[in-house]
Amino acid sequence: MHPTISIKGLTKTYAGGFQALKSVDLEINRGEIFALLGPNGAGKTTLINVVCGIANATSGEILVDGKDIDTAYRHTRSKIGLVPQEMASESFETVWNTCRFSRGLFGKPASPAHLEKVLTSLSLWDKKDTISMELSGGMKRRVLIAKALSHEPEILFLDEPTAGVDVELRQDMWNVVAALSEEGVTVILTTHYIEEAEQLADRVGVINHGEIILVEEKEKLMRDLGKKQLVLHLQAPLAEVPAQLADYHLELSDDRKDLTFSYDTRQNSTGITALLSELRNADIHFNDLETSQSSLEDIFVDLVHKDQ
Amino acid sequence: MNFYAVKAIYRYEMARMFRTVVQSIVAPVLSTSLYFVIFGSAIGSRITEIDGVSYGSFIVPGLIMLSIMTESISNSSFAIYFPKFTGTIFEVLSAPVSYGEVVLGYVGAATTKSLIIGAIILTTASFFVDIEIAHPLVMVTFLLLTCVSFCLFGFILGVWATGWEKLTIVPILVIMPLTFLGGTFYSISMLPPVWQTISLFNPVVYLISGFRWSFYENADVSVGLSLGITVGFLVVCLLIVRWIFKTGYRLRS
């Protein structure tokens, strides 16, 4: 089965000479939730805009559902729904009319039942006759999602969908994305909230300076690149780490009360048992201990810093 | 053809007109009625007939042209500029629609609005002055061609404009003077010879002359030439619109 989106050698150079995308290769699988992470100006929105037809590619090939986005634009665009980063809304139109407009624009006959389903799922049904300018920022964001879903897309691009929305709404949107994924919709998500990607994504891509620097299964990424740490809360402050513990590369906290040991869970021997034994020999005692695993955010920051 | 998309754009634009009915319909009808009251009834009664037609009746075709040209430009330029300004244009650009369908939706709606305004002004004029339409078919042809071509021109203007000032500068500084100097209120045969020659470089002269001929069979230039110039303007606008969509000029980055 071919990927639902296939991007090969995509380059985008703006009129001013700025190269936003540098020979990007990327494949998105049918039905997955793909999180595209990257710092501001990395090329996330440009990539989405080119795939959706809002911006022209300088070179490269993009296939959606196996068809070229230029020569078969009617087919490819009808498959895609886009929730843009900017809060662009038809201020003077009602929620219902603006969603009906979107559905028609994408070549679908009127379907009040579908629009009702979409608006209800986004808690917008009671606002259907309200004009957009009277809605709160969070509600406007929901309307953008409703518009993108009004033509029943098979692929949904969410360009920072939860930017500036409250925690409750963010959770609602996560639920909507999860439900769409269960229905078989492919979701491509860009976000600054790494926890969002951690929560939702099947795979993660990291883009920086217009180049894809990593694409990986989220679980594998966190397993491979994630670090685990053991923190020991000492009974008494320690002046310095004893020399016999140098091999463990322990970090002593500023207040001298915590020792942190980083280890790799993939190794046969993590070194924890030996460390605890050495600590006992060195007459270092602790009250408590805890372990923690690095988040996707830590991994992302590491990757981007390495790429600088 | 994406019929649903054309219908969606057309319906959306028509809804905008009915939402702003005072600005879209009442304002142009009121201003044109004032022209009839002042130039038709008050001042017109002291002006002699032009080519056997009372002055009040003579200015009717010119005033209709004046209104539909300015309204066509205003409606269609705003229709495409506003989504650009608010950012909602992304939806049209990412939709499975051809440029022809986009233009058909926007320009079709703007043309309908202009035709409605033209019909209302014609009806309003009939309350003030006697109107005869010698060639109704020719009259409708000129009306339709003018509406479509100036709506296309407005569409181009809306795409080109990068600010509100640019959006209004062309209608005010170019179209309005050309219309007033194009024979709306007079026959160019009333001008000194040198100004008659200069007037022939004004394309609006041909539109008004042809349109007026359909009413009273009086024309400053031949009807065939008027029709040719009007169609020529339409073709030029169509070619520019086609180029805009082909290159993505000021629409796609």
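A: We may begin with chain B, where residues 24 or more positions apart account for 81% of the contacts with a separation of 6 or more. Two residues are in contact if their C-beta atoms, placed from the backbone, lie within 7 Å.

Q: What kind of model is this, and how are things numbered?

A: This is a predicted model: local features need pLDDT of at least 70, side-chain atom pairs count only at pLDDT 80 or more, and totals for chains, interfaces and linings use all residues. Residues are numbered from 1 along each chain as its sequence is written, while chains are lettered from A and ligands numbered from 1 in the order in which they are written.

Q: How many helices and strands are there in chain B?

A: Chain B has ten helices and zero strands. Along the sequence the pattern reads α-α-α-α-α-α-α-α-α-α. Helices (H or I, at least four residues) and strands (E, at least two) are DSSP runs, numbered from the N terminus.

Q: And what does chain B span along its principal axes?

A: The C-alpha trace of chain B spans about 60 × 35 × 35 Å along those axes. Its radius of gyration is 19 Å, which agrees with the value near 18 Å that a compact globule of 253 residues would have. That radius is taken over C-alpha atoms, and the globule rule is 2.2 Å times the number of residues to the power 0.38.

Q: How much of chain B counts as buried?

A: Of its 253 residues, 45% count as buried. A residue is buried if 20 or more other C-beta atoms lie within 10 Å of its own, exposed if 12 or fewer, and partly exposed in between, with C-beta atoms placed from the backbone.

Q: Why is B:Val170 classed as partly exposed?

A: B:Val170 is partly exposed because 18 other C-beta atoms lie within 10 Å. This residue belongs to helix α7 (residues 164-180) of chain B.

Q: What does B:Val170 touch?

A: Not counting residues up to four places away in sequence, B:Val170 touches B:Leu157 and B:Ile175. B:Leu157 is 13 residues from B:Val170 in sequence, and the two are 8.0 Å apart in space, C-alpha to C-alpha.

Q: Changing topic: how many residues does each chain bring to the contact?

A: Chain A brings 28 residues and chain B brings 22 residues. On the side of chain B that touches chain A, the elements giving two or more residues are α1 and α4 (89-93) of chain B. α1(B) gives the most, with seven residues. By class, that side of chain B has eleven nonpolar, seven polar and four charged residues. Here Ala, Val, Leu, Ile, Met, Phe, Trp, Tyr, Cys and Pro count as nonpolar, Asp, Glu, Lys and Arg as charged, and the others, Gly among them, as polar.

Q: How does α1(B) pack with α3(A)?

A: Helix α3 (residues 95-105) of chain A and helix α1 (residues 3-19) of chain B pack at an angle of about 150 degrees, their axes 7 Å apart. That makes α3(A) roughly antiparallel to α1(B). Angles under 35 degrees count as roughly parallel, over 145 as roughly antiparallel, 65 to 115 as roughly perpendicular and the rest as oblique. Axes are lines fitted to C-alpha atoms, for helices over the stretch in contact, and angles run from 0 to 180 degrees between N-to-C directions.

Q: Which residues meet there?

A: From α3(A) they include A:Asn97 and A:Phe101, and from α1(B) they include B:Tyr4 and B:Tyr12. The residues of this contact divide into seven nonpolar, two polar and one charged.

Q: Is α3(A) mostly covered or open?

A: α3(A) is mostly covered, with nine of its eleven residues buried. Its cover includes α4 (112-121) and α5 (137-149) of chain A together with α1 and α4 of chain B. After α3(A) comes A:Gly107, whose phi is positive, near 80 degrees.

Q: What about strand β3 of chain A?

A: Strand β3 (residues 33-37) of chain A is mostly covered: five of its five residues are buried. A:Ile33, A:Ala35 and A:Leu37 point one way, and A:Phe34 and A:Leu36 the other way.

Q: Which strands pair with it?

A: β3(A) pairs in the parallel sense with strand β8 (residues 186-190) of chain A over four bridges, and A:Phe34 stands opposite A:Ile188. Four bridges also join β3(A) to strand β9 (residues 203-208) of chain A, again parallel. Two strands pair if DSSP finds at least two bridges between them.
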